[in-house]
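The points may be read alongside the sequence and the model.

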Amino acid sequence: MTNPWRNPDALPADGLHSLAQFINSRADIPDQAQAHVALVEALSPQPGERLLDFGCGTGVIARRLAPLVGDPGAVVGVDISTGMLDFARTCGGPDHLRYEQYNGATLPFPDDSFDGGAMARTLLHVEDPHATLVELGRVVRPGGRLAILECDWGTMAVDQSDRALTRRILDWRTDTVDGNNWMGRQLVGRGLAAGWRIADIRVLTTIGRDETTTHFGSVRRCGELALQNGVIDQSEFDNWVGELDNRLAAGLFFASINEYILVARRQNA
Ligand SMILES: C[S@@+](CC[C@H](N)C(=O)[O-])C[C@H]1O[C@@H](n2cnc3c(N)ncnc32)[C@H](O)[C@@H]1O
């Protein structure tokens with residue numbers, strides 16, 4: 001399946017705008033906000049630092065970082081998509097927060113330009129994750145750090161009576177839809193391969209039991225996508241999604257997923 005996150009600018013204008021609106025408003029949903037707070041805490045921004053938000057999208061992380069570094073610090077949000085950055089600029093922010101459009105494999109910043117960087121839900125989508133991590137290691141100064149947030153769809157646990165059908169739908173979603181959905185478990189290996197030192201790896205398990213978190217909508221959407229793509233038939237869809245809807249109505253829906261946060265340090269020269 002085509003991954004719209006790899007190059008959002010290739011979408012029609014209304015599709016790009018919906019994608020931007022989706023990630024921007026998703027950031028306010030409690031499980032997502034909790035993960036963003038944990039990412040920022042793991043990066044531990046200090047006053048006066050220069051920080052990069054790589055794959056910044058609509059700037060949801062950059063806007064959290066900017067007040068923490070203050071002025072004369074700086075936060076630069078970088079994304080491959082001009083549409084995402086245009087949306088980010090409409091969300092406002094202080095003068096020491098700016099947005100620039102680049103592809104992560106070749107950043108135009110001099111060596112050692114930043115004290116650190118954050119990257120949220122982006123590494124799974126980039127065309128060349130290794131080149132991106134190496135390039136981030138060039139622009140972050142020796143001793144500087146990088147905090148990366150990725151979930152891992154292979155850890156999505158859903159309470160459902162049909163185990164075989166649940167595995168079929170979730171495995172298909174994990175292996176096929178929107179990028180490398182095992183990126184969470186691969187962060188340590190990929191960080192080491194790109195020359196980073198691993199300072200910390202954290203896991204945040206988020207739980208959904210109703211519609212106040214993203215879990216129910218995401219899991220239900222798996223069923224819809226599986227139907228649209230011929231992975232399940234209409235009667236399997238009706239049974240699977242029907243049970244999820246009934247569970248939700250009865251207060252018996254349960255899903256959980258792991259979010260991983262890697263804190264890596266650039267080796268001292
Ligand atoms: C799922 S969004 C995450 C955005 C934001 N970090 C957040 O958590 O809301 C992934 C972002 O990565 C960007 N992206 C994908 N490939 C990229 C690349 N090679 N270089 C820079 N940005 C890239 C996309 O344009 C998109 O904005």
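1. Is the crossing of α5 and α7 left-handed or right-handed? The crossing of these two helices is right-handed; a crossing counts as left-handed if the near helix is turned anticlockwise from the far one by less than a right angle, and as right-handed if clockwise. Helices (H or I, at least four residues) and strands (E, at least two) are DSSP runs, numbered from the N terminus.

2. The model is predicted: local features need pLDDT of at least 70, side-chain atom pairs count only at pLDDT 80 or more, and totals for chains, interfaces and linings use all residues. Residues are numbered from 1 along each chain as its sequence is written.

3. Two packed helices are described by the angle between their axes and the distance between the axes. Helix α5 (residues 129–139) and helix α7 (residues 183–193) have axes that come within 9 Å and cross at roughly 60 degrees. Axes are lines fitted to C-alpha atoms, for helices over the stretch in contact, and angles run from 0 to 180 degrees between N-to-C directions.

4. On the α5 side, P129, H130 and L133 meet R190, G191 and A193 of α7; contact requires that the C-beta atoms of two residues, placed from the backbone, lie within 7 Å. By class, this contact of α5 with α7 has three nonpolar, two polar and one charged residues. Ala, Val, Leu, Ile, Met, Phe, Trp, Tyr, Cys and Pro count as nonpolar, Asp, Glu, Lys and Arg as charged, and the others, Gly among them, as polar.

5. Helix α1 (residues 13–26) packs against helix α4 (residues 82–90) at about 55 degrees, with the axes 10 Å apart. That makes α1 oblique to α4, and their crossing is right-handed. L16, A20 and N24 of α1 make the contact with G83, M84 and F87 of α4. The residues involved divide into four nonpolar, two polar and no charged.

6. The axes of helix α6 (residues 163–176) and α8 come within 10 Å and cross at roughly 85 degrees, which makes α6 roughly perpendicular to α8. I169, L170, W172 and R173 of α6 contact C222, G223, L225 and A226 of α8. This contact has six nonpolar, one polar and one charged residues.

7. Seven strands form an open sheet of mixed pairing, in the order β3-β2-β1-β4-β5-β7-β6; two strands pair if DSSP finds at least two bridges between them. β3 (97–101) and β6 (196–208) stand at the edges with a single partner strand each, so one side of each is left without a neighbour in the sheet. From one strand to the next, the twist averages 20 degrees.

8. Within the sheet, β4 (residues 114–120) and β5 (residues 140–158) run parallel and are joined by six bridges. G116 has R145 in β5 as its bridge partner. Helix α4 packs on the sheet, touching β2 (74–79) and β3, and its direction makes about 165 degrees with that of β3. Helix α8 (residues 215–228) lies across β5, β6 and β7 (255–266), running at about 105 degrees to β7.

Methods: Angles under 35 degrees count as roughly parallel, over 145 as roughly antiparallel, 65 to 115 as roughly perpendicular and the rest as oblique.
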